[in-house]
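Subject: Handover of the structure

Hello,

Here is the structure I promised to pass on. Please open it alongside this message; my notes follow below.

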Amino acid sequence: MRSSPAFLKRTPRLATPAATVVFALAVAFAGIAATAGDVRAEARSEAIPLMRDIAPDGLVVAPDGKDDAAGTADAPLSLTAAVRKIAGAGAEGSGRAAGVRTGNVVVRLAPGTYYLRETLVLGAGTGVTGGVTFEPLRFAAADRQPPAVVFSGGVPLALKWEAAPEVPARRADGSPAVFKAAVPAAVRPFDQLFVNGEQQVLARYPNFDPAARYFNGVAGDAIAPERIARWRDPAGAFLHALHDAHWGGMHFRVLGKTDDGRALRMEGGWQNNRPSPPHRKIRFVENVFEELDAPGEWFFDAKTRTLFFCPPAKFFAAGTAGDAAGDAGTAATVARLNAASIVVPQLETLVKVGGDAATGAGAVTGGVALRGIAFRHTLRTFMQTREPLQRSDWRIARVAAVVFENTAGCSLTGAEFSDLGGNAILVNNRNTGLRLASLHIHDTGGNGVIFLGDPAAARAPFTHYGHIIAIEPDDFAKMVDGAPGPRGDNFPRDCSLEDALITRTGTVEKQTAGVTIDLAQRITVRHCTIAGVPRAGINIGAGTWGGHRITDCDVFDTVRETGDHGSFNSWGRDRFWFADRARTERLLPRFPTLPLWDAVEPVVLDRNRWRCDHGWDIDLDDGSTNYVITRNLCLNGGLKLREGFARRVENNITVNNTFHPHVWYRESGDTVRRNIFFRPYADIWMPKTPWGADVDYNFVHTPAAIAAPAVPAATLQKKSRRDAHSLTGDARFLDPAAGDYRVADDSPALALGFKNFPTDNYGVRPAWLRERAPKVQLPVVKTAAGKAAAGKAAVGKSSRSTGVHADTGSGGTTGTAAGEAAFLSMRVKNIAGFGELSALGLAREFGVVIVADAAKSPLALDYGVRDGDVILAWGTAGTGDLRALRAAAAATPAPASLKIWRDQRELILKRRR
C-alpha cells in the first residue's frame with residue numbers, strides 16, 4: 001500500500017460541538033394585529049428595546065386583548081399595549097425606580113391568529129444581552145400537537161363579491177365562473193391568496209395539475225407568439241422554467257411585450273449560479289389575466305385594485321343555472337364568497353431575532369426562546385434569489401419567515417411553518433449555540449432551513465463555478481491566502497437542528513433543499529425526516545469549514561423535479577479546486593495540505609437512511625473533501641464520490657445499487673472499506689493508478705450464489721486495482737422486506753469486518769411529527785432463496801422507483817468500455833448514461849467523448865483536443881453521435897473549427913494550420 005498523502009497526516013480531529021447555552025434574561029416583544037382596513041402602505045421593521053426589569057411574572061397577550069388590561073389570563077393585553085408596557089419600563093429611571101423585580105419576561109400568547117403588521121424584531125441595536133420566552137397558554141402540549149398560536153404575515157380581507165362580466169368564462173350550466181371584489185387601497189400587491197385556509201392558484205398556463213412532475217404542469221408553448229398575442233398587457237407576469245440541465249429553476253418577470261407584440265421583454269434568470277437558457281419544454285407562465293380560466297385560479301389587477309377569482313366547485317350551489325348576476329345560484333355563490341376567510345400575504349419576514357452583525361448594529365442577542373408558534377403567509381421571494389453561494393451551483397435570498405442573526409444561545413422549538421412564499425428559517429451570519437427542534441416545515445416556496453455565513457469569512461471568497469485563480473504554484477502562493485479555516489466569526493457555528501419534519505418545500509423555487517448549509521461550521525442535523533422536495537434533502541455547499549454532523553435522518557422522495565443531484569448533496573469547490581483536475585494536482589507537491597485549508601474538520605454522515613429515485617442517495621460532488629460516511633442505509637440511488645480528498649466510506653449498505661467513484665485525483669487519500677454493495681463499482685473516468693489510499697474488504701451482494709461460498713470480487717479488483725480481500729456472495733440479510741438490513745451471524749460480510757447496525761429508528765421522534773410524517777418506500781430486494789421480497793410501501797406518500805442509474809462504468813479509463821470505437825487514431829464513444837452526463841456536466845446525451853489516445857490523433861496538432869473532450873460539432877455540423885461525427889468528417893475533412901465540451905463548459909477550437 002502506498003503511503004498516505006501529506007494532508008491526511010495532518011487531518012484535524014473533529015471538534016465536539018459546544019454545549020448550547022440558554023440565558024434567562026429579559027427582552028421585549030413586538031407585534032401588531034392587522035385588519036383589512038388598517039394596513040399601512042409601507043412595511044417597516046422597528047427594534048424594540050430589550051429590558052430586564054419588566055413583568056417578572058410574565059405578560060399574557062391575545063389576538064383580542066385590550067390596551068388597558070392587566071396582562072393576565074383573564075384580562076390579556078393587546079400586542080400594542082404589551083409593546084408599550086415593556087418599552088415604557090425601559091425608559092431611563094423607569095422600572096427600577098418603581099421597584100419592579102428583575103426577572104424573566106415571559107410573554108404568554110393566548111391561542112389564535114396574530115396578524116402582524118410589521119416584522120417583529122427582537123434584540124436589534126440595543127447592546128443588551130437578554131432573552132424572551134414565547135409560550136402559549138397550556139391549551140395543548142406544544143411539543144406533541146400542532147401549535148395553537150399562529151403568526152401570520154397576511155391580512156384578512158372582508159370583501160364584497162360580485163360576478164365578473166368582463167371575464168367570459170362560464171360554468172357548464174351557463175352561470176358565471178369568475179367573480180370579482182374591490183381590495184382596499186391600504187393592501188399592498190400580493191402574490192398568494194388563501195381562501196378558507198387553502199392556497200389558491202395564480203392564473204397560469206398550463207392549468208395546475210397536482211399529478212404533474214414539473215411545476216404542477218408545464219408546456220413548451222407557454223410563451224409562444226400566438227399565445228402572447230392573446231394577452232392585452234402581460235407586464236407583471238412570470239415565466240418559470242427549469243435550468244436547461246435540470247439544475248434547479250429559473251424565474252423571469254415580464255416587463256411587457258416587444259414592439260411587434262410576438263415576444264416578451266423580461267428580466268431574471270439569475271437564480272442559478274451556473275446559468276443556462278430556460279428549458280425549452282419544462283416551463284409555465286403565471287399572473288396573466290387572460291389565463292384565468294380554471295377553478296381555484298385568481299388574478300389581482302393592481303391598477304384597478306380588483307381581485308378576480310374563479311372559485312372551486314364547492315362555492316357553487318348544486319343544480320343552479322342561468323347567467324344573470326342576480327339569479328339564485330349566483331347569489332348563493334356570492335354569499336359563500338362574502339362569508340369566506342380571505343387572507344393575502346403582506347410581509348416577507350415575520351420575526352427577526354438579533355442584530356446585523358455585518359454592519360455592527362447591536363450586541364449579540366442571547367437566550368431568546370420561541371416556542372409553540374405556527375408561522376404562515378409570507379410573500380414569495382424568488383426574484384430576490386441572486387446572491388451566489390461561493391462556487392456552488394446555488395444562489396440565495398437572505399430572507400425567510402424567521403431570521404436569526406448575531407445571536408447566542410437562542411432556540412426555536414415546537415413550531416410549524418407553512419403556506420410561505422419563500423424560505424422558512426434563515427440562520428444568517430454570526431450565530432452560536434442556536435437550537436432548532438421539534439419543527440414541522442411544509443408547503444414553502446423556498447428552502448426549509450438555511451445556515452449561511454458571510455462570504456467575507458472565506459479566505460478565498462470565489463463567487464461562481466468558473467472563478468479561475470492562479471494556475472502555477474508561484475503565482476498561487478502570491479495570490480491566495482494560505483491560512484487554514486475561516487476569517488473572523490461572522491458565520492453560524494455550533495448550532496443544531498433536530499426532530500424537524502420537512503416536506504413539500506421548494507414549491508416555487510427548485511434550486512433549494514430541506515436543509516442548506518454553506519459558510520458555516522459544526523452544524524448538527526439529527527433525527528430529521530425530509531421528503532417531497534424538488535432537489536436535495538440536505539445540501540452542503542462550497543467554502544464551508546466542516547465539523548457538521550448529519551445523524552439518524554430519514555431523507556427520501558428527493559430530486560423530484562430536477563436532476564444530477566442526490567438526497568444528500570455537497571460541493572467542495574474550495575481553494576484547491578479547478579474544473580481541470582490537472583491544475584490541482586500540479587499544486588499539491590508545493591502545498592501538500594491545500595485540500596484541508598477550508599475543510600478543516602470532517603463532515604460526518606452517520607446512521608442515516610437515504611433514498612433518491614432521480615439521482616444518487618449520497619452525492620459528494622465537485623471537490624467535496626474530508627467526509628466520514630459510516631452506517632448509512634442507501635435504498636436506491638447508491639453512493640457517489642466525485643473528485644475530492646480524504647473521504648472515509650465505511651460500513652454502509654447500498655441496496656440495489658453500488659458505489660459510484662467519478663473522476664478522482666490520483667492522490668485522493670480516500671478510504672472505502674467494509675461496505676455492502678449490490679453491484680460492481682459504477683466508475684466514471686477514474687485514474688489508471690490504484691484508487692485512493694485504501695479500497696478493500698468490500699462485499700458485493702449476489703443472492704444467486706446462495707448455494708456457493710463467497711468468492712473474491714475479481715471485477716472490483718480489476719476496476720480499483722485494489723480490493724484484494726473483497727468478496728462477492730450472498731450477504732444473508734435478515735428481513736429486507738421489513739426494512740431490516742442486518743445480516744445473519746454466518747454472513748460472509750461479517751468476516752470482512754462489516755458490523756451490523758440498526759436499520760430503523762430514523763427520522764423524527766415526537767409523536768405529533770411522526771403521525772404527520774410520510775413513510776419511505778422500501779425497495780424490492782432478492783432474498784436468499786432468489787425470490788423478490790417487496791418492501792412495505794408507504795401509504796399514499798411513497799417514493800417512486802425509476803431505475804435512474806443505467807451507468808455501469810462505461811466511459812471509464814480503467815479498461816475497454818462497451819461502445820468504444822476508433823476514430824482518427826483515438827478511442828471514442830457516444831455519450832450514454834446518467835453517470836457520464838453527471839461526470840462531464842452535460843445536459844443531455846449528445847456528443848462523442850474522446851476516451852483515450854487524443855495525443856496520437858492529428859486533431860491534437862490541428863485543434864488541440866485532449867482526452868475527455870466531447871466533440872459537439874465538426875465545423876457547422878452537429879455531432880450528436882459517432883455516426884454523425886464520421887459523416888461530418890467525411891464531408892468536411894478539415895473544418896475551420898471544432899465545438900467541444902471541456903471542464904464542464906463549451907469551447908470553440910480553431911484550426912491551427
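Which strand gives the largest share of the lining of the second largest pocket? That is strand E19 (residues 297–301), with four residues. Before the rest, one caution: this is a predicted model.

**Pockets**

By class, 18 of the lining residues are nonpolar, nine are polar and 13 are charged.

The largest pocket has a volume of about 1200 Å³. It is lined by 48 residues. Nearest its centre lie Phe208, Asn216, Asp443, Arg504 and Thr507. The class counts here are 17 nonpolar, 17 polar and 14 charged.

**Strand E39**

E39 deserves a look of its own. Is it buried or exposed? Five of the five residues of strand E39 (residues 554–558) are buried, so the rest of the structure largely encloses this strand. Buried here means under 20% relative accessible area.

E39 has parallel pairings with two strands that I can point you to. With strand E36 (residues 529–531), E39 pairs over three bridges in the parallel sense. There, Ala531 stands opposite Phe556 of E39. With strand E42 (residues 609–612), E39 also runs parallel, and three bridges join them. Val555 faces Trp610 of E42 as its opposite residue.

**The five-strand sheet**

E19 turns up again in an open sheet of five strands. The order is E9-E10-E20-E19-E13, and the pairing is mixed. Strand E9 (161–163) and strand E13 (201–202) are at the edges. Each has a single partner strand, so one side of each has no neighbour in the sheet.

Phe179 stands opposite Phe309 in E20. Helix H3 (residues 328–339) packs on the sheet and touches E9, E10 and E20. The direction of H3 makes about 150 degrees with that of E9.

**The four-strand sheet**

What is the strand order in the open sheet of four strands? It reads E8-E21-E11-E12, with antiparallel pairing. The edge strands are E8 (154–157) and E12 (198–199), each pairing on one side only. E8 and strand E21 (residues 342–345) are antiparallel over four bridges.

**Cavities**

How many cavities of 30 Å³ or more does a search of the whole structure find? The search gives nine. The largest cavity has a volume of about 100 Å³. It is lined by 16 residues. Thr544, Trp571, Ala599, Thr625 and Tyr627 lie nearest its centre. Seven of the lining residues are nonpolar, seven are polar and two are charged.

That is the handover. Write back with any questions.

Best wishes

Definitions and conventions
Residues are numbered from 1 along each chain as its sequence is written. This is a predicted model: local features need pLDDT of at least 70, side-chain atom pairs count only at pLDDT 80 or more; totals for chains, interfaces and linings use all residues. Side-chain values use heavy atoms; hydrogens and water are left out. Buried means under 20% relative accessible area, exposed over 50%, partly exposed in between (1.4 Å probe, protein chains only). Two strands pair if DSSP finds at least two bridges between them. Contact means heavy atoms within 4.5 Å. Axes are lines fitted to C-alpha atoms, for helices over the stretch in contact, and angles run from 0 to 180 degrees between N-to-C directions. On a 1 Å grid over the protein atoms alone, a cavity is a set of points where a 1.4 Å probe fits but cannot get out, and a pocket is an open set with protein on both sides within 12 Å along at least five of seven lines; lining residues have an atom within 4 Å of a point. Grid points are joined across faces, edges and corners, and a volume is the space filled by probe spheres set on the points. Ala, Val, Leu, Ile, Met, Phe, Trp, Tyr, Cys and Pro count as nonpolar, Asp, Glu, Lys and Arg as charged, and the others, Gly among them, as polar.
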